[in-house]
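Please look over the sequence and the structure before reading on.

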Amino acid sequence: MTENELFKEHYFDWAATSPCDEDILKSSLEETLNAWGNPSSVHQVGKKAGSLFEEARKRAAKALSVKPETIYFTSGGTESDHIPLLAVMSKPVKGTVLISSIEHPALREQAEAMKKIGWNVISIPADKYGLIQPETVKSLLTPDTMLVCVMAVNNETGSIQPIQQIADVISEFGKGGRKPKFHVDCVQAAGKIPLNLNYPGIDSAAFSSHKICGPRGIGILYLKNPIEAFLRGGGQEKGIRSGTENVLGAVAFSKCLERYLIKSENKITSDAFEAQKKVTDAFINNLSGLKGCSIVPEGRLEKKDLFSPYVIQVAFKNIPGNVMLRALDSKGFFISTGSACSSKKAKRPVLEAMHVPADIRETAVRFSFGPHTTEKAIDELFEAVKEVNSTFNH
């Protein structure tokens with residue numbers, strides 16, 4: 001086994017980024033090498049690239065079970081989150097935006113920037129399980145609420161949010177008047193839980209290629225209906241996302257969605273999802289038996305259906321998160337302390353929003369898996385964690 005293959009075998013930071021599917025990347029590169037024109041050009045060379053780009057849109061739409069005209073290619077998850085958020089700024093009057101307290105920094109930090117220019121930004125509190133309850137959202141809705149943002153799967157704890165019930169609450173509130181838009185960050189959900197973008201009340205959703213075995217620098221924004229774009233440019237993607245189209249990225253991303261999305265009609269992914277649940281439950285059970293180990297949130301095993309089996313947050317008494325990370329890294333196992341976008345920051349906003357005690361926050365680490373993670377590798381991870389833990393908690 002090569003060093004790179006060993007790295008992939010013991011890579012447990014899939015929530016940060018995933019190894020690329022080499023077959024998909026190579027086939028996509030080969031296709032696009034022969035379609036190198038600008039997709040917006042009207043000559044034959046441009047049309048060839050444009051045709052390939054539109055094929056990718058149709059493939060992605062079919063994988064997500066939506067119409068091709070609702071798919072917009074972007075530069076990644078952050079931009080796909082920003083577009084619906086910034087779109088409200090095109091409104092003539094400032095209003096209220098509700099952002100869940102467990103959102104990725106892409107939404108949380110941008111919302112804070114909007115607050116500084118006069119928008120009323122309200123954080124939706126999470127419960128102790130890291131869940132945003134529909135009744136909590138309902139209690140915060142006001143006549144001037146323009147947008148509600150709640151992610152589908154949390155990137156640090158794996159908590160699966162009750163998106164459909166939240167959509168119902170927002171739709172009910174908007175009956176007979178203007179319904180607030182509902183945006184869902186699906187970056188950690190694609191390939192990690194089944195999705196249904198067609199559920200009534202969901203207006204937009206963000207996706208990122210590099211979280212589902214695709215290349216970096218390409219994302220998707222699903223828009224049920226067109227919106228007024230705040231950022232303008234050359235008018236590509238029907239004016240929603242200007243900028244020269246990333247044909248290679250779009251082709252590769254669409255193939256990854258086709259291959260890795262969890263759908264009942266895709267027996268490979270649906271079987272893998274069920275198998276991962278059992279492997280993750282066993283891993284958590286093993287971790288729970290270690291002295292000084294705390295699963296975050298406490299009681300996850302009793303409510304395991306509320307969490308994706310691909311993301312686990314765990315704390316080890318007397319072992320700061322960065323110490324555990326470095327100790328495992330020295331043994332050839334790769335994990336994280338939370339969102340890669342915030343890895344150099346000491347604060348843990350998601351855990352704070354869940355009212356997790358400071359000592360647990362400081363010692364918490366994240367294990368995240370993907371479709372290529374093996375049960376054998378997770379068993380080896382446990383043995384490595386057990387060894388490190390015994391040094392500090394004997």
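How many helices and strands does the secondary structure of the protein come to? The count is 13 helices and 10 strands. The model is a predicted one.

## Overall shape

The protein has 394 residues and a radius of gyration of 21 Å. A compact globule with that number of residues would have a radius near 21 Å, so the value agrees with a compact globule. Along the principal axes, the C-alpha trace spans about 70 × 50 × 35 Å.

Of the 394 residues, 56% count as buried. Contacts across the sequence can be described as well: among those between residues at least 6 apart in sequence, 72% join residues at least 24 apart.

## A covered helix

Helix α5 covers residues 105-115. Its buried residues are P105, A106, L107, R108, Q110, A111 and M114. An α-helix has 3.6 residues a turn, so residues three or four places apart point the same way.

What lies over the buried residues of α5? The cover includes both helices and strands. Among the helices are α4 (77-87) and α11 (349-353). The strands include β2 (96-100), β3 (120-124), β4 (145-149) and β5 (181-185).

## Two helices side by side

Helix α9 takes in residues 267-288, and helix α13 takes in residues 375-392. The two pack at an angle of about 10 degrees, and their axes are 11 Å apart. Because angles under 35 degrees count as roughly parallel, α9 is roughly parallel to α13.

On the α9 side, the residues that meet α13 are Q276, V279, F283, N286 and L287. On the α13 side they are E375, I378, L381, F382 and V385. Sorted by class, this contact has 7 nonpolar, 2 polar and 1 charged residues.

How many disulfides does the count come to? The number is 0. A disulfide would need two cysteine sulfur atoms within 2.5 Å. For C149, the closest cysteine sulfur is in C186, 12 Å away, which is too far for a bond. C186 is likewise in no disulfide, the sulfur of C149 being the nearest cysteine sulfur to its own.

Are these two cysteines buried or exposed? Buried means under 20% relative accessible area. C149 has 0% relative accessibility and therefore counts as buried. C186, at 2% relative accessibility, also counts as buried.

Note on methods: Residues are numbered from 1 along each chain as its sequence is written. This is a predicted model: local features need pLDDT of at least 70, side-chain atom pairs count only at pLDDT 80 or more; totals for chains, interfaces and linings use all residues. Side-chain values use heavy atoms; hydrogens and water are left out. Buried means under 20% relative accessible area, exposed over 50%, partly exposed in between (1.4 Å probe, protein chains only). Axes are lines fitted to C-alpha atoms, for helices over the stretch in contact, and angles run from 0 to 180 degrees between N-to-C directions. Helices (H or I, at least four residues) and strands (E, at least two) are DSSP runs, numbered from the N terminus. Angles under 35 degrees count as roughly parallel, over 145 as roughly antiparallel, 65 to 115 as roughly perpendicular and the rest as oblique. Contact means heavy atoms within 4.5 Å. Ala, Val, Leu, Ile, Met, Phe, Trp, Tyr, Cys and Pro count as nonpolar, Asp, Glu, Lys and Arg as charged, and the others, Gly among them, as polar. The radius of gyration is taken over C-alpha atoms; the globule rule is 2.2 Å times the number of residues to the power 0.38.
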